[in-house]
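Biologist: Hi, I've got the model open. Can you walk me through it?

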Amino acid sequence: MNKFVREAKLWLIAIPILLWTLLPIYHIFLFSISTKDSAFSGALWPDKPTLRNFGTVFRQEHFYLHHFWEQIWNSLWIAVATGLLTLAIATCAAFAISRLKVKGGRAVMNAALFTYFIPAAFLAVPMYKAMGTYGLLNNRWSLVLAMVTLASPYAIWVLKQASDKLPWELDEAARIDGATPLQLFRLVYLPLMMPSLVAIGTYALLLAWNEYLYAFLLLSHENTIPLAVGLGHFLASDDSPWELLMATALIYALPPAAIYYAFRRYMVGGLTVGAVKG
Amino acid sequence: MLTPYILVFLVFVLYPVTYGLWLARHPQSYVTLFDDPVFFRTVVNTIIFLLVAVNVKFALALFLSGFFVHDRAWIRWLSVIFIIPWAVPAIPTIFSIRFMLNPEWGLINSVWFRLTALDGPNWLNDPRLGLTMAMVVHIWKALPFWTLILIAGRLAIPRELYEASSVDGATPWQKFKYVTWPSIRTLYLTSTILSMIWTLGDFNSVYLLTGGGPADLTHVLSTLGIRYIRLDQVDQAMATIVVALPFVLPFVYFMMKRLSADDEGR
């Protein structure tokens, strides 16, 4: 009996958690399969569920959706470019700081951490101004470079932590065999760091795909904006087609969610806990 | 091999920040800023947002982490679902909540009407309710992450401590007070400070939900800076941030110290 009461208590906590977590998600799904009339009636399930909204989105048959495929391509391009560039820059930096112990490595690490801890929305204002000076506004590279700036500090820190754990004997053995630092990097370091590299690449990719603030500040032209900013345009008028917005939003949210769950093991355990453990 | 990152830092952090600080050098910007009634309201909103949202979030995370450490298959499944708000991008879910709160057509008020036969509140057109809802959105989004951190903290506590306290006849509350809390206190406080810094930079929860409205009454510092940019008053936007710096930098310094100490202890 006592055991039964204890289990019941757990369920009593579980049900509110489930409702709280899933309601906004369910609401997106509900709208995306509803007609406009049904969506605006506040129904909990549509009379006639339909997939027509998705057809409208894919065929770009609405004013807000004229550039749907172009914008999803921009999102993808920006995310992949950010992921690759962050990986390249952060891997080199972490290798130099952790294995080569280059002079000034500590100062660079501190500069990176400082960037990491400054709220991103604060850095956005000077970044916007500087991108204007560089003449990069409305160029997709401005968002890629901004996202690399935001992603690489954490990437360097995580990669440095992972790299510090690799045994020193490997480096010594390689040096005795006459390996140059570059060979050490390519033949010893990269293969051993693979799991962390996958995690960091994914982290940067998702960060860029999900970003809204920097995207709408730096890019405003119909042809350069990613889908995130395109979604924001739906709010321009009061009678927006919310059922189409939610269908588009669902398409936009699925890839990053799938990637997150595929790499969940690395994303949660490896990446975050170390950052705050005191 | 450090050169690429040093270049990124110089070109996209150091130069912009220096240039920004230089733009914010005119005392006139601050006079204008302090004369703007929106600014005062924004500072109050930001303080409320930080104190209430962060502390409620951490109290909930502490409670829920105690729930999720129970060893049951179904609780492991629930934790997979629980992480969804963190795993999906912000825009779709915030827009979804925004429409749910629409006073005429939203799901919340239509259910409210069916249950009570009364019209529900005008959620986002009331500044207080609007800011409260922005905090709810923030908590909805960030709660899973911090719960996971605290779960990790709780799982690192040796089981023997709990077994020994059970033998001594400790109540659940005593176990929490004498075993759990002393072990995760540092983690809890560090996390709270880090979360404060990040919450200060939370632009999405306010901007995508209320847009700072009605009548610019629900802005926080991060959205106010962007509002000035949109009004083409970049000096003003920079001044907003400079005003916030004395409050942010000590926390940033604390976090950097903490991480460096951690790094050397290895």
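Modeller: Happy to. In chain B, 52% of the 266 residues are buried, where buried means under 20% relative accessible area, exposed over 50% and partly exposed in between (1.4 Å probe, protein chains only).

Biologist: Before we go on, what should I know about how the values were made?

Modeller: This is a predicted model, so local features need pLDDT of at least 70 and side-chain atom pairs count only at pLDDT 80 or more, while totals for chains, interfaces and linings use all residues. Residues are numbered from 1 along each chain as its sequence is written, chains are lettered from A and ligands numbered from 1 in the order in which they are written, and side-chain values use heavy atoms, with hydrogens and water left out.

Biologist: Thanks. How many helices and strands are there in chain B?

Modeller: Chain B has 13 helices and 0 strands. These are DSSP runs numbered from the N terminus: helices are H or I with at least four residues, strands are E with at least two. The C-alpha trace of chain B spans about 70 × 65 × 35 Å along its principal axes.

Biologist: And how many residues of chain B are in contact with chain A?

Modeller: 94 residues of chain B touch 95 residues of chain A, with contact meaning heavy atoms within 4.5 Å. The area buried between the two chains is about 8,500 Å², and carbon and sulfur atoms give 79% of it. Buried area here is the accessible area (1.4 Å probe) that two parts lose on being put together, summed over both.

Biologist: Which residues in chain B lose the most area to chain A?

Modeller: Met1(B), Tyr5(B) and Phe12(B), which together make up 10% of what that side buries.

Biologist: How many salt bridges are there between chain B and chain A?

Modeller: The count is 1, taking a salt bridge as a side-chain nitrogen of Lys or Arg within 4 Å of a carboxyl oxygen of Asp or Glu. Glu7(A) pairs with Arg72(B), and their closest N and O atoms are 2.6 Å apart. Glu7(A) is buried, at a relative accessible area of 18%.

Biologist: OK, what about salt bridges over all chains?

Modeller: The whole structure has 6. The pair between chains runs from Glu7(A) in helix H1 (residues 2–32) of chain A to Arg72(B), in the loop between helix H3 (37–68) and helix H4 (73–82) of chain B. Another of the salt bridges joins Lys160(A) to Asp164(A), with closest N and O atoms 2.9 Å apart. Both residues are in helix H7 of chain A, 4 residues apart, about one turn of the helix.

Biologist: Is Lys160(A) buried or exposed? And Asp164(A)?

Modeller: Lys160(A) is buried, with a relative accessible area of 9%, while Asp164(A) is partly exposed at 28%.

Biologist: Switching topic: which residues have the most contacts inside the largest nonpolar core?

Modeller: Leu213(A), Tyr214(A), Tyr5(B) and Phe68(B), in a core of 164 residues. Helix H7 (residues 140–164) of chain A gives the most to this core, with 14 residues. A nonpolar core is a set of buried Ala, Val, Leu, Ile, Met, Phe, Trp, Tyr and Cys residues joined through side-chain atoms within 4.5 Å.

Biologist: What is Tyr214(A) in contact with?

Modeller: Leaving aside neighbours within four places in sequence, the contacts of Tyr214(A) include Ala120(A), Leu123(A), Met127(A), Leu143(A) and Leu219(A).
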